[in-house]
Each structure stands twice: as C-alpha cells, then as structure tokens.
Amino acid sequence: MKNVKKFKDLTDLSAFAAKQIISVGKRAIKKNDRFTLVLAGGSTPKLLYQLLKTDEYKKQLDWQKVIFFLGDERDVSPMSDQSNFRMISENLLEALKIPNSNILRWNTEIIKAEEVAENYEKTIKRFFGLQNGEFPQFDMVLLGMGDDGHTASLFPATPALHETKRIAVNNWVEKYDANRLTLTYPAINNAGNILFLVSGEEKAEAVREVLKGASNFEKFPSQKIKPVKGKLLWLIDKGASSEL
Ligand code: 6PG
C-alpha cells in the first residue's frame, strides 16, 4: 500500500517519524521561517517526543522556529495527568525550552468546553490571519488512532464527524461520558503533511478496516483523514499491521 510504512516495533517507527518531522520542519523553516506542527496526544507518540529532545535530534532543527499546536485535548486542567498538553510538555516542550508564545494549546482553564473550542479557534484564526470560512494550513499534523478507529477526538458516531465549517470544536463522547476538544476534519485535511503513528496488536482490526475496509467513517473516523492537497503517511508497527 502506497502511503503505508510498516516497522518491526514502536522504536523503529518513532525513529522514522522523528526523521520525517525534522525533514518537513527544515523545509518549512527554509520556506516560511517557521514550522507549524500539530502534536498528537495519547501514549503512542511519547517515545517519539522523547527522541526529539535527545541531542541527536535536538540539534537538527531550529526548534525556536516551531509553532506547536495540539490536535485534541481532554476537558481537564493542563496540570491533570489526563492532559495531552501536560504529556507533551513533560516529554518534549520543557526540555526544548520552547517559549510559551510558540505553544498554542487548548485553554482548558476556561470552564465551558464550548468556550475552550471557540477560544482555540480564535487563536488559530488569529495566528494564520484567516477570514471566516478559511482553514489553517498546518505544515504537519501528527495523529494517533484508537482501537475503535478514532483519531484526535473524532470518535465514532459523534457530532464532530459532520462538522464542515468549524476549525475546532467541543465533541461530546457518550462512551466516555465526557467532552473532548478536537480539530475538525477540514482543519486537519488542509495540512501539508499528515502522519499517523499506530502501534499495537489491539489496533490491527481497526487498521484493516480503516485502510482496506468498506467506506464507513461514522464507524471508523480515521477513514475520513484525506489531505486536500497534502501528503498522508501511515506509520504502523508489526502488531498493528498484523491484519493487513
Ligand atoms: C488522545 C489522542 C487520541 C490518541 C488515540 C490513540 O487524546 O488520546 O489524541 O486520539 O491519539 O486515542 O491513543 P494511544 O496512542 O494512547 O493508543
């Protein structure tokens, strides 16, 4: 399959992802003097983030020219152990000494989840200088995938799957009885590069359904990640690709 690369384990997958990020980042900085990078939450990218802050990778990119965004966030304080921002800070941002002005996160200190989403959308519009109806063009978006085929916080059978106008929304997720904050399909699909990182046997069935199954994004939301003009690459380890 053309845009799928398989790896023997998460370590090799993460090393390849790190090289991809450096390569796209260098090109973006050369072209625009900045690299707009959307990071994924969850556990899979932790090893990648830990790699990027090692001397080997740290020295390969001008990290002070990287603008960091988050693809999704839980409706929790940034200090919560459930917070994607906290995981990303602890595993990457703090070590790289990224200035707060270059970290554009979901402001979950705001009480109402809808207002957090509106606030993030305003932040993104202001940063990219967008008019109403326009979408950001992130240089790169990192995504994970759950064993139910969700990505970011675009979960099966949730309202956000049908959002075509907004950039960032609050998405009620019944199965977690919780709000989840997420970028929308149009915001993600307008990116220059989209990189999926998927690891683990428990995701093999969802990977097969998303990549080879009948079209059904309501059931397998990752199916609808299709860049308008950019590149999509799936990085999958042995366990997650065992049903391909
Ligand atoms: C989150 C993520 C989510 C994640 C998948 C995979 O907020 O949890 O953004 O979309 O990428 O659930 O999670 P794991 O990497 O932990 O398997």
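Helices here are DSSP runs of H or I with at least four residues, and strands are runs of E with at least two, both numbered from the N terminus. On that basis the protein chain has 7 helices and 10 strands.

Two remarks on provenance. This is a predicted model, in which local features need pLDDT of at least 70, side-chain atom pairs count only at pLDDT 80 or more, and totals for chains, interfaces and linings use all residues. Residues are numbered from 1 along each chain as its sequence is written, and side-chain values use heavy atoms, with hydrogens and water left out.

Overall dimensions, then. The radius of gyration, taken over C-alpha atoms, is compared with a globule rule of 2.2 Å times the number of residues to the power 0.38. For 244 residues a compact globule would come out near 18 Å, and the protein chain has 17 Å, so the two agree. Along the principal axes, the C-alpha atoms fill a box of roughly 45 × 40 × 35 Å.

Next, burial. I call a residue buried under 20% relative accessible area, exposed over 50%, and partly exposed in between, using a 1.4 Å probe and protein chains only. Buried residues make up 54% of the 244 in the protein chain.

As for contacts, meaning heavy atoms within 4.5 Å, take the pairs at least 6 apart in sequence: 75% of these contacts join residues at least 24 apart.

Now some local detail, starting with helix H7, residues 204-212. Which of its residues are buried? They are Ala204, Ala206, Val207, Glu209 and Val210. The cover over the buried residues of H7 includes strand E9 (193-198) and strand E10 (231-237).

Asn171 sits in strand E7, residues 168-173. Is Asn171 buried or exposed? Its relative accessibility is 0%, so Asn171 counts as buried. The side chain of Asn171 makes a polar contact of 2.9 Å with that of Thr158. By polar contact I mean a pair of N or O atoms within 3.5 Å; within protein, one must be able to donate a hydrogen and the other to accept it, and residues adjacent in sequence count only if both atoms are side-chain atoms. Beyond four places in sequence, the contacts of Asn171 include Ser153, Phe155, Pro159, Asn179 and Arg180.

Last, Leu51, which belongs to helix H2, residues 46-52. Not counting residues up to four places away in sequence, Leu51 touches Ser14, Ala15, Ala18 and Tyr57. Between Leu51 and Lys231, 180 residues apart along the chain, the C-alpha separation is 23 Å.
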